[in-house]
Amino acid sequence: MNRFIEFEAKVEAIKARCTNGEISETERDAILRQTQLRDEQWGDIWLLSPKGQWFRKANGSTSWIADYPVLLVDPTTMPAVAEMDAHQIARAVHDCTNCPLHAERRRAVPGEGPVPTDIMLIGEGPGSHEDQQARPFVGASGKLLEELLGNIGKKRTEVFIANVIKCRPPGNRDPLPDELAACRNYLDRQLELVNPKVIVTLGRFSMARYFPGASISKIHGQPKRVGDRLVVPMFHPAAALRNPNWRPLLIEDFRRLPEFIKEAASFHKETVISTEQISLL
């Protein structure tokens with residue numbers, strides 16, 4: 001039997017004891033915090049909250065993140081990518097063999113964050129830490145990213161973070177065109193599901209999706225309207241760590257994000273007003 005389904009049943013039995021008056025809610029919550037599942041394949045630790053939300057502590061990480069076990073997603077009933085939900089996208093990415101990168105990856109990195117949400121950050125590709133934890137932006141670049149978000153009163157759990165490719169290229173080399181193409185449908189669908197007001201491209205490969213041929217040093221921090229969204233190109237945190245001169249530029253660009261969100265929100269209002277005006281004709 002699927003060990004995650006067994007774990008769900010175990011948690012439900014604990015919650016039933018509370019419902020039946022055998023234990024208090026405080027006791028229930030304390031028991032659930034101690035009731036954890038270790039993923040034997042990857043070494044991750046999982047728990048299920050009283051509200052039924054899954055959390056994962058990745059192998060090599062000290063923090064819990066909201067996640068959903070891909071083994072609970074039935075691969076035999078998967079729709080086309082354009083119709084998948086967020087959990088199905090994650091399962092599809094973990095099972096993906098669309099390009100040669102799957103042969104050398106340790107783990108695929110679908111992306112993480114709430115769906116929908118106002119901000120979506122798009123980086124380039126997983127590095128060694130990401131390949132180990134199946135999470136985007138961990139290690140030094142992840143710490144800087146969390147610092148940048150903290151400067152504007154945001155936590156990384158409030159934004160969606162993804163990459164243009166979902167598997168680590170050998171030696172962290174640049175992604176190849178065929179690899180970018182193989183992951184494009186997944187990212188397209190994630191953008192539809194997240195429906196962000198602002199897209200932040202981190203690095204030149206995600207920037208090229210919206211600003212082909214542009215130079216990041218010339219256009220960083222300059223938003224471009226795409227439909228009802230703003231797309232803002234920024235330096236990649238890893239690049240800012242390598243080049244100290246870029247760090248203050250990245251900090252300043254991030255500090256303008258609340259302003260960009262407010263501006264993009266006005267686009268939606270414009271669309272609603274226009275639709276209402278048309279309906280009156």
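Q: How many residues does helix H1 have, and what span does H1 reach from its first C-alpha to its last?
A: The model is predicted. H1 covers residues 3-19, which is 17 residues. At 1.5 Å a residue, 24 Å is expected. The span in the model is close to that, at 24 Å.

Q: Why do the buried residues of H1 lie on the same side of the helix?
A: Phe-4, Phe-7, Val-11, Ile-14, Lys-15 and Cys-18 are buried in H1. An α-helix has 3.6 residues a turn, so residues three or four places apart point the same way.

Q: Which residue caps the N-terminal end of H1?
A: Look at the backbone nitrogen of Phe-4. A side-chain oxygen lies 2.8 Å from that nitrogen. The oxygen belongs to the capping residue, Asn-2.

Q: Which strands are the edge strands of the open sheet?
A: Five strands form this sheet, with mixed pairing, in the order S6-S5-S7-S9-S8. An edge strand pairs on one side only. That gives S6 (160-163) and S8 (224-226).

Q: What is the bridge partner of Lys-224 in S9?
A: S8 and S9 (residues 229-234) run antiparallel. Three bridges join them. In S9, the partner of Lys-224 is Val-231.

Methods:
Residues are numbered from 1 along each chain as its sequence is written. This is a predicted model: local features need pLDDT of at least 70, side-chain atom pairs count only at pLDDT 80 or more; totals for chains, interfaces and linings use all residues. Side-chain values use heavy atoms; hydrogens and water are left out. Two strands pair if DSSP finds at least two bridges between them. Helices (H or I, at least four residues) and strands (E, at least two) are DSSP runs, numbered from the N terminus. The expected span of a helix is 1.5 Å times one less than its number of residues. Buried means under 20% relative accessible area, exposed over 50%, partly exposed in between (1.4 Å probe, protein chains only). A polar contact is a pair of N or O atoms within 3.5 Å; within protein, one must be able to donate a hydrogen and the other to accept it, and residues adjacent in sequence count only if both atoms are side-chain atoms.
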